[in-house]
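Where do charged side chains pair up in this protein? The report below goes through the salt bridges one by one.

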Amino acid sequence: MKPDDPLLKILVCPLDKGPLALLTPEDVLYNPRLRRRYPVLDGIPQLLPSSGEQVTDAEHARLLRRLTDQEPRP
């Protein structure tokens, strides 16, 4: 999955129905509101609630820094 994939605009977290952020190169979708990450295997997002993984506080902070670093700059 690539950051410009149009599918990213319609994918939502299966638990809170909010948007997800793609983290590359790990190839995971992340929901910072619930602190859950979902794998993308062979380009296919695994968005069943059971496939999501709760992250620790330290991992959440690391992922938020990654999201900030990935944001396009004007």
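Exposure classes come first: buried means under 20% relative accessible area, exposed means over 50%, and partly exposed lies in between. Asp-16, at 30%, is therefore partly exposed. The model is a predicted one.

The structure contains 7 salt bridges. Three of them are listed here.

| Salt bridge | N to O distance |
|---|---|
| Arg-33 and Asp-16 | 2.9 Å |
| Arg-35 and Asp-57 | 2.6 Å |
| Glu-59 and Arg-62 | 2.8 Å |

Take Arg-33 and Asp-16, whose side chains meet in a salt bridge. Arg-33 sits in the loop between strand E2 (28–31) and strand E3 (36–41), and Asp-16 in the segment before strand E1 (21–23), so the pair ties together parts 17 residues apart in sequence. Arg-33 is partly exposed, with a relative accessible area of 42%.

Next comes the salt bridge between Arg-35 and Asp-57. Arg-35 is in the loop between E2 and E3, while Asp-57 belongs to helix H1 (residues 57–70), so this pair ties together parts 22 residues apart in sequence. Arg-35 is partly exposed at 29% relative accessibility. Asp-57 is exposed, at 57%.

Glu-59 and Arg-62 both lie in helix H1. They are 3 residues apart, about one turn of the helix. Glu-59 has 17% relative accessibility, so Glu-59 counts as buried. Arg-62, at 30%, is partly exposed.

Which residues are linked in a network of salt bridges? The network holds Glu-26, Arg-37, Glu-53, Glu-59, Arg-62 and Arg-66.

Conventions:
Residues numbered from 1 in each chain as written. Predicted model: local features only at pLDDT ≥ 70, side-chain atom pairs only at ≥ 80, totals over all residues. Heavy atoms only, no water. Salt bridge = Lys/Arg side-chain N within 4 Å of Asp/Glu carboxyl O. Helix = DSSP H or I, 4+ residues; strand = E, 2+ residues; numbered from the N terminus. Buried < 20%, exposed > 50% of the residue type's maximum accessible area, 1.4 Å probe, protein only.
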